[in-house]
Amino acid sequence: MHVIVVGGGAAGLLAAGMAAKRGHRVTIVERNPRMARKVMITGKGRCNVTNACSVQECVDNTPGNGRFLYSAFSAFPPQEVMAFFEGQGVPLKIERGNRVYPTSDKAVHIVDALVAFVKAQGCRLYTGRVTRLLLEDKRCVGVQLETGETLSADAVMVCTGGCSYPGTGSTGDGYTLAQQAGHTIVPPRPSLVGLETEESWCAELQGLSLKNCAIAVTDTTKGKTIYTDFGEMLFTHFGVSGPMILSASVHLHGLIPGRYRLSLDLKPALTAAQIDARLLREFDAAPNACLGNVLAELMPRSLVAVVLQLSRAAGEMKCHSVSRAQRLRIGEVLKNIPMTISGLRPFEEAVVTAGGVSTREVNATTMESKLINGLYFAGEVLDVDAYTGGFNLQIAFSTGFAAGNHV
């Protein structure tokens, strides 16, 4: 049986190798001269291979259709992914948050292991861009390349990725192929990406990194909080970024300017009453000090002007002249610095793509299309996306494993 795998990324290489291991003749068609270019840049070049957690935790950390992946995660869980790479001669280590990396901290060793795996299984590597599926009687029987050349097959696995980091070759080709086969495409959007804000002061704080702070995102159209988190964030020239912000972006569906508001809590470990007591002590200890200088002891100095502006207080005023109402207002701002989200950063900056081939039209166990026999999907081309921490590569490996084992 001849199997064509469209796309030589994480999902495609794993799928191809598993299919070949089962005795199939496999051809990998990749548009780039080098395989797995996106894997090379994951984890800032270190490659966060997976997360050393349970299957249920994988599902819980996949807000984009995690339940669809339960079967795939169960068949090839994180522990099996780790065993696979260590069996390929890549030692691994576990870091904060159960993130798994190669001990060498080099993504190229993960890529080399995947390429060595498919070569050892006898897969044929073919450079070209697939532009059309060949369909006959509701069955996929091959592909056509942009050169016009056709390749016949008994089955085709589409593993082309999404739209994020298009420079690596992820330009949405898989969506076109899936639509040609009659599949529904959930509109793609950037995910795990920075957020643009309306407030100009965010750009003025460019480069400021905050740790041990908390955020809450509110959907103003529904009047409810849709996401909360605690950790690190970063102010940028466009707004905000950092681990918490990237995870928050996953939940911003139907984003239009002004719909979502972001609240920053600088002192999540303290209640409003405790903050007020702290301010009162500071003011009593230095009654003739300027308010701005005292506040600089409680937060990064660059943030003081923002807090004063939002509190409607002057930094030059003496602490002894600060009224109770002003003090309470300052405390309120420390617990809630509001920002209005105006947009997501573009696909070029997104870690992954949300949206894609509707999971309702794909068999959750085999990854085969429910519409076309012999057509399979794996990886980011599917409408699945997860938080940071190795979960998205785990999705690629688990769905690739499922497709390769069932083709």
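Student: Is Asn98 buried, partly exposed or exposed?

Tutor: In this predicted model, Asn98 has a relative accessible area of 35%, and because buried means under 20% and exposed over 50%, Asn98 counts as partly exposed.

Student: Where is Asn98 found, and what is its phi?

Tutor: Asn98 lies in the loop between strand 4 and strand 5, and its phi is positive, at about 65 degrees, although Asn98 is not a glycine.

Student: How should I read the pairing of the strands on either side of that loop?

Tutor: As a general idea, the strands of a sheet pair through backbone hydrogen bonds, and the pairing is either parallel or antiparallel. Here strand 4 and strand 5, the latter spanning residues 99-102, pair in the antiparallel sense over four bridges, and Lys93 stands opposite Tyr101 in strand 5.

Student: What is the order of the strands in the open sheet, and which are the edge strands?

Tutor: The open sheet has three strands in the order 3-5-4, with antiparallel pairing. Its edge strands are strand 3, at 50-51, and strand 4, at 92-95, each of which pairs on one side only.

Student: Which loop holds Asp105, and what is the phi of Asp105?

Tutor: Asp105 is placed in the loop between strand 5 and helix 6, the helix covering 107-120, and Asp105 has a positive phi of about 65 degrees although it is not a glycine.

Student: Is Asp105 buried, partly exposed or exposed?

Tutor: With a relative accessibility of 28%, Asp105 counts as partly exposed, since buried would require a value under 20%.

Technical notes. Residues are numbered from 1 along each chain as its sequence is written. This is a predicted model: local features need pLDDT of at least 70, side-chain atom pairs count only at pLDDT 80 or more; totals for chains, interfaces and linings use all residues. Side-chain values use heavy atoms; hydrogens and water are left out. Two strands pair if DSSP finds at least two bridges between them. Helices (H or I, at least four residues) and strands (E, at least two) are DSSP runs, numbered from the N terminus. Buried means under 20% relative accessible area, exposed over 50%, partly exposed in between (1.4 Å probe, protein chains only).
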